[in-house]
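In this notebook I record what I looked up in the structure shown below.

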Number of protein chains: 2
Amino acid sequence: MKVVRKSTERGKPRRGGVTVVGIGPGSIDHMTTRAIRELRSADSIVGFGFYIQQIRSVIRPSARVYSSGMGHEIDRASLALELASAGRKVAVVSGGDPGVYGMAGPIIETASKLNMNVDVIVVPGVTAATASAANLGAPLMTDFAVISLSDLLVPRNRILERVKTALKGDFVLVLYNPQSQARKEPLRLVHQMLMKYRKSTTPVGIVTAYARKGERTIVTTLERMLDHEIGMESTILVGNSSTRIFNEKILTPRGYYSPR
Amino acid sequence: MKVVRKSTERGKPRRGGVTVVGIGPGSIDHMTTRAIRELRSADSIVGFGFYIQQIRSVIRPSARVYSSGMGHEIDRASLALELASAGRKVAVVSGGDPGVYGMAGPIIETASKLNMNVDVIVVPGVTAATASAANLGAPLMTDFAVISLSDLLVPRNRILERVKTALKGDFVLVLYNPQSQARKEPLRLVHQMLMKYRKSTTPVGIVTAYARKGERTIVTTLERMLDHEIGMESTILVGNSSTRIFNEKILTPRGYYSPR
């Protein structure tokens with residue numbers, strides 16, 4: 001069942017929809033042309049306040065903005081779907097890429113729960129893994145695993161199991177949401193596990209607030225990882241057995257100079 | 001040692017450098033503002049011909065273009081570094097994100113080998129994992145592993161080991177470079193392993209030529225995966241134990257509706 005409503009403005013039928021827009025890792029500079037166009041053409045903008053601030057300058061002055069606090073993903077998803085059902089052209093703002101721990105999931109999950117058949121389009125963006133890697137050099141040139149350390153929705157044991165498995169597979173690790181003021185235990189436990197399975201000299205990169213005010217890029221080692229400031233806006237990359245540091249850059253060679 | 005040369009054009013000292021630019025997964029639409037600006041301001045463009053074609057419309061008419069065939073990553077890297085040492089402002093074009101099996105590695109690895117201290121900046125782009133996920137729905141909402149099936153530089157056994165490990169950790173899998181005309185064996189072997197460790201009904205997405213001519217998005221199951229056309233421009237996403245299909249979209253729920 002597709003919902004079609006009369007537009008109150010022009011008196012012709014109008015089909016609403018939700019576009020989940022990846023706004024990239026930091027400044028507007030790292031948004032795609034497509035993402036900017038989608039935000040410009042939306043009549044309703046739904047998102048976490050922090051991200052709404054980031055894209056204020058590109059949205060229509062006439063757009064209705066529905067800003068909310070951290071968390072509340074399901075509320076935002078429900079609101080966006082309702083607005084779209086009522087014929088509105090809704091852009092849901094999502095940091096980085098909306099498919100990586102972002103708003104694409106809650107929207108599609110909520111549509112499924114409520115059995116709503118609303119058009120949902122996802123516009124990809126630059127995700128923190130590759131943005132952080134860009135600042136660090138080339139740490140992701142071999143296979144890598146992306147793991148969120150947030151234990152809000154996922155049991156801590158499952159996170160630790162995933163980290164252990166990825167370490168056994170010699171994956172480069174990318175740790176999203178490593179810690180917050182209120183949640184420091186998972187990173188501490190993960191660090192213990194990293195120290196057990198990888199050399200203490202393994203290169204580690206910490207990128208905080210990429211392309212935002214206060215951006216910090218740290219190249220360090222596993223041993224010293226926890227000596228650095230790590231917060232909500234940080235992403236941590238942990239090298240594998242072949243990762244090394246050259247000219248203050250982290251490099252995981254792909255083998256161009258020593259094939260197979 | 002930083003190389004500074006006199007510019008022949010204006011007679012003032014000019015510092016060269018290499019910017020490795022991620023041009024995203026397909027059309028210019030999915031390039032970031034920053035990537036477009038970097039290409040516009042470069043006086044020399046180095047890249048694989050296929051990608052150069054993709055960005056022809058945004059580069060300066062006066063820019064020198066150094067286009068080459070597939071492979072030749074080290075030749076391109078050496079050329080870019082030499083041009084930069086001679087004071088040129090070089091943009092190296094890399095598909096998707098340059099740090100994910102792209103040109104960031106060869107550039108930094110070559111600079112290291114040749115012990116050249118040239119300024120290298122990496123501009124991130126949208127990588128195939130998240131672009132493909134966007135077309136498929138929200139398959140990457142839990143932890144995922146990115147694995148290239150190209151056995152050109154990496155031994156086949158190591159690839160298979162990584163796949164097995166990621167399966168044991170219940171990661172969603174993203175397979176880059178799944179197969180080519182000349183290289184079909186790795187995917188066949190990986191498929192056997194997938195069938196061993198995951199249910200035959202596991203949702204699988206295949207996205208080919210994202211945002212390019214001939215774009216195809218297929219939602220299928222593990223059992224039927226190899227019935228579909230898979231080529232050089234394809235990326236394959238394999239769900240984990242909780243991934244399901246809703247409204248022809250692939251969804252790996254993050255647990256908003258059933259926390260922990």
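**Entry 1: strands across the two chains.** I began with strand S9 (residues 144-148) of chain A, which pairs with strand S9 (residues 144-148) of chain B in the antiparallel sense over three bridges. Within this pairing I looked up one position and found that A:Val146 stands opposite B:Phe144. I note that the model is predicted.

**Entry 2: extent of the interface.** I next asked how many residues of chain A are in contact with chain B. I found 77 residues of chain A in contact with 77 residues of chain B. The size of an interface is often given as the accessible area lost when the parts come together.

**Entry 3: polar contacts and composition.** I then looked up the polar contacts and found 28 residue pairs between chain A and chain B, with both residues at pLDDT 80 or more. On the side of chain A that touches chain B, helix H4 (residues 104-113) of chain A gives the most, with nine residues. I also sorted this side of chain A by class: 38 residues are nonpolar, 22 are polar and 17 are charged.

**Entry 4: salt bridges.** I examined one salt bridge, formed by A:Asp143 and B:Arg162, in which the closest N and O atoms are 3.0 Å apart. A:Asp143 lies in the loop between strand S8 (137-138) and S9 of chain A, while B:Arg162 lies in helix H6 (residues 156-168) of chain B, so this pair joins two chains.

**Entry 5: relation of the copies.** I asked which rotation superposes chain A on chain B. I found a rotation of 180° with 0.0 Å of shift along its axis, and the RMSD is 0.0 Å. The two copies are therefore related as by a two-fold rotation axis. The same surface serves both copies, since 100% of the contact residues of chain A recur in chain B.

**Entry 6: a sheet in chain A.** Finally, I looked up an open sheet of three strands in chain A, with the order S8-S15-S14 and mixed pairing. S8 and strand S14 (244-246) of chain A stand at the edges with a single partner strand each, so one side of each is left without a neighbour in the sheet. I found that S14(A) and strand S15 (residues 249-251) of chain A run antiparallel and are joined by three bridges. In S15(A), A:Leu251 stands opposite A:Arg244.

Methods:
Residues numbered from 1 in each chain as written. Chains lettered and ligands numbered in written order. Predicted model: local features only at pLDDT ≥ 70, side-chain atom pairs only at ≥ 80, totals over all residues. Heavy atoms only, no water. Contact = heavy atoms within 4.5 Å. Polar contact = N/O pair within 3.5 Å; in protein donor to acceptor, adjacent residues only side chain to side chain. Helix = DSSP H or I, 4+ residues; strand = E, 2+ residues; numbered from the N terminus. Nonpolar A, V, L, I, M, F, W, Y, C, P; charged D, E, K, R; others polar. Pairing = 2+ DSSP bridges. Least-squares fit on C-alpha atoms with pLDDT ≥ 70 in both. Salt bridge = Lys/Arg side-chain N within 4 Å of Asp/Glu carboxyl O.
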